[in-house]
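Me: I want to know what stands behind the labels used for this model. Take me through them one by one.

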Amino acid sequence: MSLAGPVLATTVAAPSALAGGVNVIAVGVLLAEFGMFRQAMLRDQVRLYAAQSALLSALAVVVAATRHLPELYALAGLSFALKVVVVPIVLHRMLRGIGVIGGDPRWPAGSYSGSARSGSTDIAGSHALGVASAVLVAIAVAAFGFFTVAALGLASPVLPATALSVSVAVILVAFVLMIVRRDVVSQAIGFLSLENGVSLTALVVAAGLPLILEIAFLFDLLVAAVVFGLLIRVHHGRAESMSTADLTSLRG
Amino acid sequence: MHVILLLLLTLPLAAAIACLRVPANAARLVSALTGVVSFALVLALVPAAAHGTVSYLRFLRVDALSVVFLLATGFLYGAVAVYSVGYLKAGQQPHARYSRRFWIGLNIFAWAMLAAPMMSNLGLLWVAIEVTTVVSALLVAIEDTDGAAEAAWKYVLLASAGLALALLATVFIYYAGAHVLGQSYDLGFSQLLAAGPRLPHAAVELAFVLAVLGFGTKTGLVPVHTWLPDAHSEAPTPVSALLSGSLLAVSFYAILRYYQVAVAALGSRYPRNVLLVFGVASLLLAMVYLFGQRDIKRLLAYSSVEHMGILAIGVSFGAPGALAGVLLHVLGHAAAKGNAFMGAGVLVRKLGSKRITAIRGGLDVLPWSGPLFILAIFALGAMPPFGLFRSEFEIVAGGLDSRSYAVAAILVVGVTAAFLGLAGSVTRVVMLPLAGSAPARGEPSGWMVVPVVVGVLALLLLGLHPPAELTTLFGRAVTLLDGRTS
């Protein structure tokens, strides 16, 4: 935050309680995004996604309370139910069905499809870059997003500019996550957290978005999560692994 | 009119639900009938939309621009549904589960594509387009092959990531509108357009670029087109035809809506320049890839990238003639690309390969589909007397009108080169004799010929003498795009 001080000093007066709370939660979401880089276990990644989504629901409550938008309480509840409970459960179920949730005693490594690789090693080996390099790249990209948004001149008196910059950083880091991980589950989680980044932006800049639209977006996310799960199963059924390293036959 | 909107919104969905329960024969019949009826319903909308806007229930809104895209989608839905009856009969996968999934998916896919241009607000427009993504990804994966699994994964991941950017565009356009319309408004398209001149510039510029990038991913604009050749080549042929002819167009429709708002807020220069960059990149890259393709469906997929580039360039010219050409091009491309994919599908079914080097003797073994396929390729290459000749002529003339001589020249060169690439491969496929034993001469199914004949007739109609109602419709849509009236 202190880094951004000089840049944003012209647009933000003194951080109010609202701006402070929003900023803290937004940074929490960004940290969860970074956490996904080092998770080697599928289950932990799904949990981290759930935690990130829970932070978003908390943010919705904060914004609802401070800006007197009662609809946002409903959104917070719905978003919690879907993103913290239903989507992780759906992903868990689908992954357990094909035995790739690592460490599940009912699915010891090698017991499915004749594959010797267990779910956890599948993911751990899926970095295109080392974890440290990936995090460094992500920090650079996040910083880029953070400062460019501040320079775009979107500011208005009602806009928490710092939180907006953080939310754009989350979106860019989610893209990095999708790019550097080479397994289908991490890529799917990367997409879901990308959507979390967009939701964060929506809460920051468009808090008044009608509830009916928010519900439609959430419903869409649920359908997308189910389709991602189905296609992960299709992929696993054919490739007998989670890796995307073999998806190279279509080119030109 | 309101009844027609409701029917269009419910019929395909009802057909999909019916396909869940009824036996396979009935599913075929229901789907083919729904497709044809949907097109008839869209046709019935034309006169009303040519003279004004039809709104209903707050969330439905159809104007001349929407109807152009509804026509493209409705036409292909009908054609493809009829074609699929023959396609499934002639295939090696006659088992019931496959065809049931296929029909359900096809109807939901068409439903989402018909719903998107009818939405009155930019949020629901995004939702409808996202639904098309997830449904069509499952349809791409329906062929149980390694290629299909790979293509479906790449498609769903890239298109969803693109649409996340489009959602961001929706958020920022909402933010822009909130400055004028207050904190809670429902993102209605007419409201935004009316508020246009008072919208803050920075937010609208950001939203427009994000929308072009996001929806452009689904339109297949370079450099975010990379999923497109994979999905088009690995999907079942009827799905490829719908992906190429309607899905890309419907996504382009979303870009046009943002274009309208951007023109109202920023003036025309900025949005046109953005579209110009994407358009020229798409045209040039597709032109290169059209030479030396080995897979016949990938060849047609790159031709789609080329045509989407032409659409973007046409809008960037901004002259009324070019805009009318763009709208005609949407319809012509739907018919021609649908025909080309359906013709290629017959060849692939008959000769059992997608490889251009392996398919030979199309004219010898297919008395109808062979010549029809050649006609479709000529139509795609904008040969007279087909519709795409007229539309590309209008676009180039519009470019000269607006003094964009260099871009118009690039357009002419690109289109010509693309035609040579396309025609070179296709001539070999159809004309060269088949080495070894040829399958018996004859069509796999009459169901696969009739829609293609109808497509050729439609292309001739568009090229030789577009109906007066259609010309009025285009005129109305051009004034909307032009920003002279709202």
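Reply: Start with contact: two residues are in contact if their C-beta atoms, placed from the backbone, lie within 7 Å. In chain B, among contacts between residues at least 6 apart in sequence, 82% join residues at least 24 apart. The model is predicted: local features need pLDDT of at least 70, side-chain atom pairs count only at pLDDT 80 or more, and totals for chains, interfaces and linings use all residues. Residues are numbered from 1 along each chain as its sequence is written, and chains are lettered from A and ligands numbered from 1 in the order in which they are written.

Me: What makes chain B as compact as a globular protein of its length?

Reply: Chain B has 19 helices and 2 strands (DSSP runs numbered from the N terminus: H or I of at least four residues for helices, E of at least two for strands). Its radius of gyration, taken over C-alpha atoms, is 21 Å.

Me: Why is Arg257(B) called buried?

Reply: Buried takes 20 or more other C-beta atoms within 10 Å of the residue's own; 12 or fewer is exposed, and in between is partly exposed. Arg257(B) has 21, so it is buried. Of the 486 residues of chain B, 65% count as buried. Arg257(B) lies in helix H10 (residues 237–266) of chain B. Leaving out residues up to four places away in sequence, Arg257(B) touches Leu122(B), Leu125(B) and Phe189(B).

Me: Why are H2(A) and H7(A) called roughly parallel?

Reply: Helix H2 (residues 17–38) and helix H7 (residues 161–180) of chain A pack at about 10°, with axes 9 Å apart. Under 35 degrees is roughly parallel, over 145 roughly antiparallel, 65 to 115 roughly perpendicular, and the rest oblique. H2(A) and H7(A) are therefore roughly parallel. Their contact has 15 nonpolar, 3 polar and 1 charged residues (nonpolar: Ala, Val, Leu, Ile, Met, Phe, Trp, Tyr, Cys and Pro; charged: Asp, Glu, Lys and Arg; polar: the others, Gly among them).

Me: How do you know which helix gives the largest share of the side of chain A that touches chain B?

Reply: By its residues: H9(A) supplies 13. In total, 34 residues of chain A are in contact with 38 residues of chain B.

Technical notes. Axes fitted to C-alpha atoms, helices over the stretch in contact; angles between N-to-C directions. Rg over C-alpha atoms; globule rule 2.2 N^0.38 Å.
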